[in-house]
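Here are my notes from going through the model, point by point. Have it open beside you as you read.

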Amino acid sequence: MDGGSNAAETLSCARCGKPASLQCPKCVELKLPREGAAFCTQDCFKASWSSHKSIHLKAKLPSLGTDGAGEQKSDLVSDGWLYCLRKGQSRTPKLPPFNWTGTLRPYPISFKRIVPAHIDKPDWADDGIPKVEPNSDLQHRVEIKTPDQIERMRETCRIAREVLDAAARMIRPGVTTDEIDRVVHEATIAAGAYPSPLNYHFFPKSCCTSVNEVICHGIPDARKLEDGDIINVDVTVYYKGVHGDLNETYFVGNVDEASRKLVQCTYECLDKAISIVKPGVRFRDVGEVINRHASMSGLSVVKSYCGHGIGELFHCAPNIPHYGRNKAVGVMKAGQTFTIEPMINAGVWRDQMWPDGWTAVTADGKRSAQFEHTLLVTETGVEVLPARLASSPDVFPWLNK
Amino acid sequence: MADDQEEPPLAIRIDQTVEEPPQSGPEQPQNENFSVGVTVITGYLGAGKSTLVNYILNAQHGKRIAVILNEFGEEIGVERAMINEGESGALVEEWVELANGCVCCTVKHSLVQALEQLVQMKKKLDHILLETTGLANPAPLASVLWLDDQLESSVKLDSIVTVVDAKNLRFQLNKHRDSFSFPEAFLQIAYADVVILNKVDLVSREGSEGAIEELENEIRSINSLANIVCSVRCEIDLSQILNRQAYDATHASHLEALLEESKSISSRDLHDSGVRTLCIRQAEGVDLQKVRLWIEEILWDKKYDMDVYRCKGVLSIQNSDHLHTLQAVREIYEIVPARQWRNEEKKINQIVFIGHNLDENTLIDSFRDYSALPPPPFLWLLRFKSTLS
């Protein structure tokens, strides 16, 4: 069963622990989590008030137009940085209206980055529209890669790993996701590769940066990372005609225990899924493994996005759901390459889409983490193509144990 | 601001506010557990699809039904939706914007996302009809619409309804008899859950008494599971095509009908097309893992060279008190525990295949072999005897 805890029917009073039937109206207004905002009586609420109200203050920091951050945003807008709409096809100077599920908001994005002419580009680089990919028969059958293709994918995934590591070294409070994107973009170009997300169905940037309640496909923008955030950076590069795709979730400064557990559990979900990969294993079993591990930790699995085949196409067959009881067709065979990329949520599994048409957020505003690898099925098992290198930054405490 | 106050505001009751934020996306179903059924309407041009659609849009049935008119070229997309407003009968034309065809790494096809948006926009939609022009083979559409229950989508594939023209059916079925191409009519009938045999008035007027019955038999020889509804100008009772729940694993009443089937479901005569319905039965319970391997070899590996279009069955699984159902469309299949066997029921495996190049003996034998039962002792003796002599 999915482990998603749906804002529990039986909440306890934040002060005395008795069953709670009242909640703080300010928290409701700010869309803060109900846990910690529920009380059994007005008296308990009153007694907690002086310490409770600090939650409201923290939530208001990234606010719009009423303090320093707001002024900074209008500076950006006058500099030409605008909010993204319609999947990247248009821009707007004003924050679009939306029933935001959490405290995160989009920020204006920078101008489109240039890719030098000598870089080999996929067919969407100029007009934003993939032509070969949607019509390919590789959407319906899983390709067995030739030794040459496999060798190219090893190289490409190695580059993708190095680019992601460069991004990981940037992670600290005060850095904007736009700056991370710039590092990704420049590192990719320097390696002679193209950043696959750039202009893919009009996606405006060279990587996805997904903070806190963003599940995936977050667009790098002017927002500064804050101490306590978690951020996923998703890198895909295109080199020698093939794509390599990976992502990792990082801690910004000091994160709370719940976030630590969320990220570690997500890492383990991917790890366990990879451990079952070998010829003859059904694609549908990947979801069972991930779901089991996430549920055991009381976390839920995002269902709208899945792992995918990869190679000369960015996304192709097979589709690999991360949830259990799915009807994925087929078994793994040596020579296949695909990604597994579980997205695990602290709260409910449901997702919603921001007005930009890309950013997926949790429906309840709670946090989400993700890890991804591109995998090659070998005769006896699996090869993790963009695996960590000895030089990869030491950012996952559980790996040192 | 409230933060500066000494006094806290009045706490509010938890049930006064919505539990989850009001939907800004298409994810939430209209009620917690209700999904809107989607019926795919297919059939030859001129058979009466538009007649059926117009009848449904205009008839006073008290339901809110959206009809999606679709031009399938290379992509499956939604362009235009017409909604019948029920009692008032007014037709509302809506444009539903396609999610820009970005499949990316999403589980739901853009068509499904578009339908969910439609349900989101139009509260209290009772049903959706997807009218397909120029789509010869409904299978890819069924695959896209047959979602995992886990997705808790607000839309759900309800059935495939094929409209055939009684007057021209025989001609259409014979058309490519000698060529390698497959008349669409075979596929559309083979995949149907309901076949509307339209324009029967034109046939009975000209032909003999048994002409309609002959046509029904012709259809049954291809697909004996489908319900056949005869009609004039597609004026049918809507309950015969709505809420069929044909792809529902748990509301398996249509599958349970298999249990009661006394006469044989298998096509008696092999239709010229080579498309037929076959039914196999076995009393002994089977091992679940082995049944999976068996069905996967048939559907995924195309072992025995059989081309299966649809498969429906009831399984008796060893060491389980639950009746399991099996459903498949092309390569997509699922086996689900549906309900407990009732005391008075005789536990049995009964599986129906609709497809091309099916061989009854191969299916029976391979199913038995995979049932993990050792051959009964006396067969060993016979074999032993024969090698001696």
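1. Starting with contacts in chain B: take those between residues at least 6 apart in sequence, and 74% of them join residues at least 24 apart. Keep in mind throughout that this is a predicted model.

2. A few other totals for chain B. It has 11 helices and 14 strands. Of its 389 residues, 53% are buried, meaning under 20% relative accessible area. The accessible surface comes to about 18400 Å², and carbon and sulfur atoms account for 49% of that.

3. Three strands make up an open, antiparallel sheet, in the order 2(A)-1(A)-1(B). Strand 2 (38–39) of chain A and strand 1 (12–13) of chain B are the edges; each has a single partner strand, so one side of each has no neighbour in the sheet.

4. Within that sheet, strand 1 (residues 22–23) of chain A runs antiparallel to strand 2 of chain A, and two bridges join them. If you want a pair to click on, A:Gln23 has A:Ala38 in strand 2 of chain A as its bridge partner.

5. Now to strand 8 (residues 230–239) of chain A. How many of its residues are buried? The count is 10 of the 10, so this strand is largely enclosed by the rest of the structure. In a regular strand, side chains alternate between the two faces of the sheet. Here A:Ile230, A:Asn232, A:Asp234, A:Thr236 and A:Tyr238 point one way, while A:Ile231, A:Val233, A:Val235, A:Val237 and A:Tyr239 point the other way, and all are buried.

6. Which strands pair with strand 8 of chain A? One of them is strand 5 (residues 194–195) of chain A, antiparallel over two bridges; there, A:Pro195 has A:Val237 as its bridge partner. Strand 6 (residues 208–211) of chain A is also antiparallel to strand 8 of chain A, with four bridges between them, and A:Cys208 stands opposite A:Asp234.

7. Then there is strand 9 (residues 242–251) of chain A, which pairs with strand 8 of chain A in the antiparallel sense over 10 bridges. A:Tyr239 stands opposite A:Val242 in this pairing.

Methods
Residues numbered from 1 in each chain as written. Chains lettered and ligands numbered in written order. Predicted model: local features only at pLDDT ≥ 70, side-chain atom pairs only at ≥ 80, totals over all residues. Heavy atoms only, no water. Buried < 20%, exposed > 50% of the residue type's maximum accessible area, 1.4 Å probe, protein only. Contact = heavy atoms within 4.5 Å. Areas by Shrake-Rupley, 256 points an atom, 1.4 Å probe, with all protein chains shown as cover. Pairing = 2+ DSSP bridges.
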